[in-house]
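Please go through the following chain from one residue to its surroundings, and then to the totals.

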Amino acid sequence: MKAKSVFQTKASIDPLYALGLGAMAFIKAVTYYFPQTYHDSDIEIAMSALATAYTIAKTQIDNTSFKKPFKDTVSQYFTSLLSSNNTGLPTNPPAMSMPNSSGGVSDPSAFIPNGVLRAHVVKAECCLLMGILQMTQESVVGYLKCGLNIRRAYNSYGVVWQEYKRMGQEYTKYMDRDTVSAIQFGIGAVHLILSSMPPKILKIFSALGWKSDKQLGFALLKLCLEGRGIRAPLASLTLLAYYSVLTSFAPQLYSKDMMSPAIECLLDAQSNHPNSCFFLFFAARIARVARNLPLSTQSFTFAAESSRGEWAEVAMKQMSDYEIGFNLALELDWAGAASYFEQLSRENYWSPAFSKYFVGTCHEMMGQRTEAILAFAEVPALAEESINGKKTYIDTYVLKKVAFFQKSGYQDMDFSLPALEILLVMNAFEHMEKESLEKCLDLVQHTLELIYEREKMEYNIRLRELVPITTPPDYYDQRAVLLLIKASVLNSLGRYDETIAHLNWILDHKECVKEENWVIPFTYWESGVTSWGLGNYKKSRKLWQLAMSCTKYDFEYRMAVRLSLSLSKCDEIGVPHIDSKEIKGSSTNGRKRMPILSTY
């Protein structure tokens, strides 16, 4: 709150103060992304604050008396457009004056003034932060807007970087260390963000000759961190956020490699900022990745407590409650999880419809069918009350699930495990302890047996009654989801061989899976995880590329990020690319077996 009051004193006239307010609003808005939620109102406030800072910075630049000669500007533009720059850094322009013996330039007037350079950095960072907010909205339009803002940011950072390089070793005479810190942070963050984008979006930018360099991004952010300049804390948050995204979207591939650098970064951050609620929050995320759920819950609690009476108190409390509720679900404490999500629904946090739906799934897991149905009955009304009447992807999903249950009058609820389905979609089984995973396996097997018994009963009617009134049994959707849950749990236990039959059944009957349109791409993903666990990396890439070719299904953009990170991992270890013809020619149309004859 003290910081906010300081920034407000000059936010209308000084770009650095305006950026301070914008950065605070950005952090508040973007933190919701890490429990995979976001608030439209917080995003709008942050975008408005950043746009204001951008306008002030641009005005300062436009009003400066320092202008490069027009011919230099045009020459630099065409040089950067036509040259093949593989360094990932802005190209260096030709020197405008003779360097002295120290490698610097003796005439200070040859350089853009430090205040203007700082304004360029502020302008760039506003674009960068706005781009990140647009990326979190997980839509094609959001990604495209993000890319355009990132491009604008990179161009502005490039102006300052070129001056920095021309100054040589004597740059400290003409540029303050915090401006250097800011360009290291900015260019580093740009490369990390680009490396995380879905391939379909990256293709648009690669056509313009724009490529990301993840290692350069890491190197610059670490330089920023070691310099302890103005952007060192934000560099720590960016690195931790990146590690958190990798280990939550694709823990099967990244948890082992990312754990050590994540802990190292966290220890450094906490030694410098021991009471920061943000670093406590990331400590909790890392503890979850390490499957230490009690420590994770404790850290989330500390994060909420440390923000009491402060500017981020409500946001951090609700976010921590969401994560604690999720941790309790991972521990199969359904009563505890229901309590937290009931509270979040009342507080109108993110998606009240999702929170109420999750409450219903928890009651169902506890065998409280009546309470579950009552909770599900409230979901449609809550979804209709979404902010601005705009439904999130999760609202759409829970509405479809409730409609699916209602279609049979909740009579077929015995054939679904909706809470485990949510954990599957969130790729959360990797964070469960072994005992909990074994319990999940037992639950899935029991539910599959119930489907088998129902099918057997309905087919027996057809052995005794000619042209029966009842339709043939059709539990393909329920069975496919259950088998996918079973495969994911087995993969999390490292029992990769046992998943093959289950995944093959889903793909063999994919034309019969009609309601759950997300199951097939998620099955390709899980099949890739199985192949990865068995050491067949080329097969994994092929399966993940098959998943990438699927479109128009629930959670498509979340899966696109997961697949993008996974394919990047393939590139890192040198797995060869699979030809698109080979992908299209894959024999994915398998045999169709009658369920009564299957071993499921």
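In which helix is asparagine 491 found? Asparagine 491 lies in helix H21, residues 476–492; helices here are DSSP runs of H or I with at least four residues, strands are E runs of at least two, and both are numbered from the N terminus. The model is predicted, so local features need pLDDT of at least 70 and side-chain atom pairs count only at pLDDT 80 or more, while totals for chains, interfaces and linings use all residues. Residues are numbered from 1 along each chain as its sequence is written, and side-chain values use heavy atoms, with hydrogens and water left out.

Asparagine 491 counts as buried because its relative accessibility is 2%; buried means under 20% relative accessible area, exposed over 50%, and partly exposed in between, with a 1.4 Å probe and protein chains only. Its side chain makes a polar contact of 3.1 Å with the side chain of threonine 530. A polar contact is a pair of N or O atoms within 3.5 Å; within protein, one must be able to donate a hydrogen and the other to accept it, and residues adjacent in sequence count only if both atoms are side-chain atoms. Not counting residues up to four places away in sequence, asparagine 491 touches Glu430, Tyr496, Thr499, Glu526, Val529 and Thr530, where contact means heavy atoms within 4.5 Å.

Threonine 297 sits in helix H13, residues 293–306. Threonine 297 is buried because its relative accessible area is 17%. A polar contact of 3.2 Å joins its side chain to that of asparagine 327. Apart from neighbours within four places in sequence, threonine 297 is in contact with Ile324 and Asn327.

Helix H14 covers residues 313–330. Its 18 residues reach 26 Å from first C-alpha to last, close to the 26 Å expected, the expected span being 1.5 Å times one less than the number of residues. H14 is mostly covered, with 15 of its 18 residues buried. Just after H14, leucine 332 takes a positive phi of about 65°.

Valine 140 belongs to helix H6, residues 140–167. Valine 140 is partly exposed because its relative accessible area is 36%.

Now the totals. The chain has 26 helices and zero strands. Of its 600 residues, 57% are buried. Among contacts with a separation of 6 or more, 72% are between residues 24 or more positions apart.
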